Amino acid sequence: MQKAAILALILGTAACVPAQPADTCGAEPLSYIVGQNAAAAYQLPQGLPVRILYPATPRTEDFSPSRINIEIGADGVITSVWCG
């Protein structure tokens, strides 16, 4: 009985974990800039909704599915690109 209750709890909790969002902003094709110098983030086509985030950059926690986020590490290298 206890095992069934624990299993139900685990399965119920797993349903609460949000799925990874789809590539709603076009970040996937930009994955080639990961590992490059931060200057590559500024060479992207004009008009893209881009937010460039340095380690000390204040950031909002709002989610914008059309926005491309580019994270720059302390060493000035692009570490990740994602939507949000």
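A nonpolar core is a set of buried Ala, Val, Leu, Ile, Met, Phe, Trp, Tyr and Cys residues joined through side-chain atoms within 4.5 Å. The views below show a predicted model.

**View 1. The nonpolar core.** The largest nonpolar core has 15 residues. Six names stand out for touching the most other members: Ile33, Ile68, Ile70, Ile72, Ile78 and Val81. Two strands, β2 (68-72) and β3 (78-83), each supply at least two residues of this core.

**View 2. The surroundings of Val81.** Leave out residues up to four places away in sequence, and Val81 touches Ala27, Leu30, Ile33, Val34, Ile68, Asn69 and Ile70. Two of these, Ile33 and Ile68, are also listed with Val81 among the core residues that touch the most other members.

View 3. Thr60 sits in the loop that links β1 (50-53) to β2. Its relative accessibility is 49%, so Thr60 counts as partly exposed. The cut-off for exposed is over 50%. The Thr60 side chain makes a polar contact with the side chain of Arg51, at 3.3 Å. Another polar contact joins the side chains of Thr60 and Asp62, at 2.2 Å.

**View 4. The whole protein, for orientation.** Follow the protein from the N terminus and the elements run α-β-β-β. That is 1 helix and 3 strands. The protein has 84 residues, and 26% of them count as buried. Take the contacts between residues at least 6 apart in sequence: 40% of them join residues at least 24 apart.

Key. Residues numbered from 1 in each chain as written. Predicted model: local features only at pLDDT ≥ 70, side-chain atom pairs only at ≥ 80, totals over all residues. Heavy atoms only, no water. Helix = DSSP H or I, 4+ residues; strand = E, 2+ residues; numbered from the N terminus. Buried < 20%, exposed > 50% of the residue type's maximum accessible area, 1.4 Å probe, protein only. Contact = heavy atoms within 4.5 Å. Polar contact = N/O pair within 3.5 Å; in protein donor to acceptor, adjacent residues only side chain to side chain.
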